[in-house]
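Have the sequence and the model open side by side.

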Amino acid sequence: MVKAREEAGITQERMSVLLGCSRRTIARYESGVHVPRAVVMAYHVATETDLSWIETGVASWCTPWDLNPEPTD
């Protein structure tokens with residue numbers, strides 16, 4: 001979630017405004033201790049990022065080769 005927010009150019013402060021909570025709450029969500037599904041969806045909408053990437057760190061369009069490409073010489 002942090003990477004999605006940062007890639008979208010959104011600060012924790014701005015995300016807290018978008019979600020209607022404190023910046024501290026955003027920091028807790030981003031630590032991954034407990035993230036309500038509604039928050040994951042809000043990050044998806046706010047950052048316009050692939051939902052599966054936010055949830056797993058892997059985009060839905062990735063193939064195994066994208067994740068572990070063969071080394072090049």
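## Arg-37

Let's start with Arg-37, which counts as partly exposed at 46% relative accessibility; that label covers values between buried (under 20% relative accessible area) and exposed (over 50%), with a 1.4 Å probe and protein chains only. Arg-37 sits in helix H4. Helices here are DSSP runs of H or I with at least four residues, strands are runs of E with at least two, and both are numbered from the N terminus.

What does Arg-37 touch, leaving aside its neighbours within four places in sequence? The partners are Leu-51 and Glu-55, where contact means heavy atoms within 4.5 Å. Arg-37 and Glu-55 are 18 residues apart along the chain, and their C-alpha atoms are separated by 9.6 Å.

## Ground rules

This is a predicted model, so to speak of local features takes a pLDDT of at least 70 and side-chain atom pairs count only at pLDDT 80 or more, while totals for chains, interfaces and linings use all residues. Numbering runs from 1 along each chain as its sequence is written, and side-chain values use heavy atoms, with hydrogens and water left out.

Glu-48 is found in the loop between helix H4 (37–47) and helix H5 (51–56). Its phi is positive, at about 55°, although Glu-48 is not a glycine. Most residues other than glycine have a negative phi. Glu-48 is also exposed, with a relative accessible area of 75%.

## H2 against H4

How do H2 and H4 cross? The axes of helix H2 (residues 12–19) and H4 come within 11 Å and cross at roughly 115°; axes are lines fitted to C-alpha atoms over the stretch in contact, with angles from 0 to 180 degrees between N-to-C directions. H2 and H4 are therefore roughly perpendicular to each other, a label for angles of 65 to 115 degrees.

On the H2 side, the contact is made by Met-15, Leu-18 and Leu-19. H4 brings Val-39, Ala-42, Tyr-43, Ala-46 and Thr-47. By class, that gives seven nonpolar residues, one polar and no charged ones.

## The whole chain

Zooming out, the protein chain has six helices and zero strands. Buried residues account for 26% of its 73 residues. Of the contacts between residues at least 6 apart in sequence, 38% join residues at least 24 apart. The accessible surface comes to about 5,200 Å², and 54% of that belongs to carbon and sulfur atoms, using the Shrake-Rupley method with a 1.4 Å probe.

Technical notes: Parallel < 35°, antiparallel > 145°, perpendicular 65-115°, else oblique. Nonpolar A, V, L, I, M, F, W, Y, C, P; charged D, E, K, R; others polar.
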